[in-house]
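Biologist: I'd like to learn how to read a metal site in a model. Could you walk me through one?

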Amino acid sequence: MPRFVDSHCHLAMEEFAPDLPEVLARAAGAEVERILVVGSDEEGSADALELVRSKGDGRLFAAVGIHPHESSSALSGIPGSVKRMARSPEVTAVGETGLDFFYDHSPRDVQVRVFSEHVALAREVKKPLVVHVRDAYPEALEVLKRERADECGGVIHCFSGNLEEAAAAIDLGFFISFAGPLTFPRNAALRETAAALPLERLLCETDAPYLSPQPRRGRRNEPSHVTFVYRALADARGISLEECSRVLWSNASRLFRWGAE
Ligand SMILES: [Zn+2]
Ligand SMILES: [Zn+2]
């Protein structure tokens with residue numbers, strides 16, 4: 001039986017407050033056995049860690065950090081509480097962090113500074129980075145190189161760049177994670193990129209509640225839907241869903257140090 005990982009979602013957000021037990025039950029029913037719950041700001045990171053501690057039963061893991069949209073909230077540095085949480089055993093990654101020059105919700109120089117601090121934190125606590133990039137691949141790769149992110153590794157989540165950008169991240173020891181957009185009909189080029197990269201460096205995610213995959217578009221996304229992303233990846237590469245899920249399970253275990261079982 002294939003088993004799946006959702007390598008990135010925001011289960012602690014209020015969108016899931018009304019029915020979280022049902023959402024988790026549907027994930028279990030779809031064999032989504034491991035889920036990374038990601039924080040985007042100080043409060044959201046605390047919520048993610050609390051959710052993992054209270055509902056985890058070994059299937060849930062947390063990532064803590066400040067999203068590039070929220071960089072302006074960390075003008076005087078990453079909050080001390082986030083740095084402390086990053087050392088918790090339930091926290092298996094630092095993020096999400098990165099650069100978003102599409103929305104520019106925070107000034108670019110602030111985004112670069114706060115992103116750089118996350119790389120330093122990840123190296124310090126020896127955990128991988130969860131990196132968000134939108135319209136800023138050259139700049140993000142430059143920060144990762146300059147700050148020696150190859151020492152901690154990580155994942156570029158919800159990848160939307162081109163083959164050269166993915167290859168450059170992989171050269172730095174990073175993984176590439178695909179989300180719902182891999183299933184969208186117009187994204188043939190993204191599927192070509194996904195087919196050309198080494199399978200042992202790929203992950204799949206939902207980024208729930210956002211980015212529902214093709215048959216569920218327009219509705220709230222949730223971890224059980226990650227199977228549609230796996231299916232799109234397997235089809236793009238001409239491999240079975242079983243092989244795809246087996247390799248990606250091992251990839252996620254390696255990156256987040258979850259243990260193979
Ligand atoms: Zn993101
Ligand atoms: Zn996210």
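Modeller: Gladly! With angles of 89 to 176° among its four donor atoms, the zinc ion (ligand 2) sits in an irregular site. This is a predicted model, where local features need pLDDT of at least 70, side-chain atom pairs count only at pLDDT 80 or more, and totals for chains, interfaces and linings use all residues. Residues are numbered from 1 along each chain as its sequence is written, chains are lettered from A and ligands numbered from 1 in the order written, and side-chain values use heavy atoms, without hydrogens and water.

Biologist: Which residues coordinate the zinc ion (ligand 2)?

Modeller: Donors are N, O and S atoms within 2.8 Å of the metal (3.2 Å for Na, K and Ca); water is not among the atoms, so sites may look incomplete. Here they come from His8 (NE2), His10 (NE2), Glu96 (OE) and Asp207 (OD), at 2.1 to 2.4 Å.

Biologist: And which coordinate the zinc ion (ligand 1)?

Modeller: Glu96 (OE), His132 (ND1) and His157 (NE2) do, at 2.0 to 2.1 Å.

Biologist: How far apart are the two zinc ions?

Modeller: They are 3.4 Å apart, and Glu96 coordinates both.

Biologist: Are Glu96 and His157 buried or exposed?

Modeller: Buried means under 20% relative accessible area, exposed over 50%, partly exposed in between (1.4 Å probe, protein chains only). Both Glu96 and His157 are buried, and His10 is buried as well.

Notes: Four donors count as tetrahedral if all angles lie between 85 and 135 degrees; four count as square planar and six as octahedral if opposite donors are over 155 degrees apart and all others between 65 and 115; anything else is irregular.
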